[in-house]
Every structure is written in structure tokens, then in C-alpha cells.
Amino acid sequence: MNDSQTTTAPKPLTAEQLASYSRPGSADMAPDGSRVAYVLAPVSKAADKDNEHAVSAIWLVDAEDGEPRQFTSGLWEDREARWSPDGERLAFLSDRAERGKHSVYVMSAAGGEGRRVFDQEGSISNLRWSPDGRYLSFIFTDPETPEEKERKENKDDVKVWDAELKWRRLWLIDLEDGNSARAIS
């Protein structure tokens with residue numbers, strides 16, 4: 001190190017900084033390698049003091065210059081952004097229609113409004129495009145039963161191992177056939 005360079009120890013993080021920190025996740029590279037879509041979410045709900053629900057936004061970053069830009073508003077919990085094979089669209093999960101209930105959306109990579117292509121009670125994960133861009137696949141887990149909802153509302157939180165197993169099924173959405181969806185396993 002020369003005389004013109006000095007080093008200082010990093011300052012400790014404050015509680016306010018920790019509470020307002022956002023972390024990236026769920027990154028997906030565009031097929032042509034030009035951009036990365038990722039999710040930016042607050043570390044804690046305390047980071048969003050005005051909102052009792054989880055929120056996150058999808059961001060895009062240019063691979064060449066590293067300049068990020070917000071792609072979705074961050075008013076809802078948007079997650080699992082996935083590029084279409086042609087790089088023209090992004091599919092993602094969002095609870096923008098109903099808090100806590102994620103649906104599948106598809107949106108032009110140029111921006112605009114997301115179009116809901118799947119909406120059903122239950123949880124969705126592992127969203128993926130088919131190589132030809134015609135289908136979206138995902139894992140769908142059955143929703144709570146009315147009895148489970150009632151117990152939750154009554155704060156009856158007793159759990160019995162193996163008593164309330166949920167079916168997990170593979171589903172396909174055919175985007176060229178009016179967004180028809182079907183379980184295939």
C-alpha cells in the first residue's frame with residue numbers, strides 16, 4: 001500500500017440499518033446473458049413499517065454495466081422471476097390479487113402489467129418454462145382444509161406429525177391454449 005492510500009475499519013451497522021436492509025435472491029440469467037432478474041426483499045417486516053404483509057420486488061440488472069432497475073412495484077410479494085427461453089417475457093409468482101395467495105403471472109420483459117395465468121387456492125413453487133416457451137411448470141401444494149383454517153383462526157396450533165400431509169403435484173400451464181392448466185402427476 002502506498003502513502004496516499006489509507007484504510008479505515010468498517011463502522012458497525014446500526015439497528016436501523018439492519019432493520020431496513022434488503023437482500024437479493026432468486027436470480028435468473030436471461031437466455032442471451034444480457035440481464036439478470038432477481039428478487040429484492042426486506043430482511044424483516046420491520047423494514048416495511050407501513051405494511052403487515054411480506055413485500056418484495058423483481059429487479060433487472062444489466063450484465064454489462066451492472067445498472068439495476070426495479071421491474072415490479074414492490075407493493076406485493078413478487079418472487080421466482082423466470083425468463084422465457086426467448087428472453088421476451090418474465091414469469092413470476094405474486095400475491096397482488098390476494099395477499100398471501102400467490103398466483104402465476106407473465107409480463108413482457110419490456111415492462112407493463114403482469115397478466116395472471118394461474119389462480120387457484122394452494123401454494124406454488126419451482127416455476128419453470130418449457131424450452132419452447134409454450135408451457136410453464138410448477139409444483140402445486142394443496143391448500144388448507146376448512147378444519148385447518150378454523151383451527152388456525154382459533155389459535156389451536158397443536159400439530160400432529162404426519163396427520164395433515166398435503167399433496168404436491170406437478171402442474172403445466174399451456175400459454176398458447178388460453179392459459180389452460182392441468183395437474184400431470
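A salt bridge here is a side-chain nitrogen of Lys or Arg within 4 Å of a carboxyl oxygen of Asp or Glu. The model is predicted, so local features need pLDDT of at least 70 and side-chain atom pairs count only at pLDDT 80 or more, while totals for chains, interfaces and linings use all residues. Residues are numbered from 1 along each chain as its sequence is written, and side-chain values use heavy atoms, with hydrogens and water left out.

**View 1. Asp174 and Arg134 form a salt bridge.** Their side chains meet at 2.7 Å, N to O. Asp174 belongs to strand β11 and Arg134 to the loop between β9 (123-129) and β10, so this link spans 40 residues of the chain. (Strands are DSSP runs of E with at least two residues, helices are runs of H or I with at least four, and both are numbered from the N terminus.) Asp174 is buried at 8% relative accessibility, whereas Arg134 is partly exposed at 26%. (Buried means under 20% relative accessible area, exposed over 50% and partly exposed in between, with a 1.4 Å probe and protein chains only.)

View 2. Two strands pair if DSSP finds at least two bridges between them. Here 7 bridges join β10 (residues 135-141) to β11 (residues 168-174), running antiparallel, and Phe138 faces Trp171 across that pairing. Another 4 bridges connect β11 to the antiparallel β12 (residues 180-183), with Ala181 as the bridge partner of Ile173. In the β11 and β12 hairpin, 5 residues sit between the strands, and Gly178 has a positive phi near 65°.

**View 3. Arg96 and Glu113 meet in a salt bridge.** The N to O distance is 3.4 Å. Arg96 lies in strand β6 (residues 89-98) and Glu113 in the loop between β7 (101-108) and β8 (115-118), so the pair ties together parts 17 residues apart in sequence.

**View 4. Strands β1 to β4 make an open antiparallel sheet.** Its order is β1-β2-β3-β4, and the edge strands, β1 (22-29) and β4 (68-70), each pair on one side only. Within this sheet, β2 (residues 35-42) and β3 (residues 57-62) share 6 bridges, and Ala37 has Leu60 as its bridge partner in β3.

**View 5. Glu80 and Arg79 meet through their side chains.** This salt bridge has an N to O distance of 3.7 Å. Glu80 is buried at 12% relative accessible area, and Arg79 is partly exposed at 23%.
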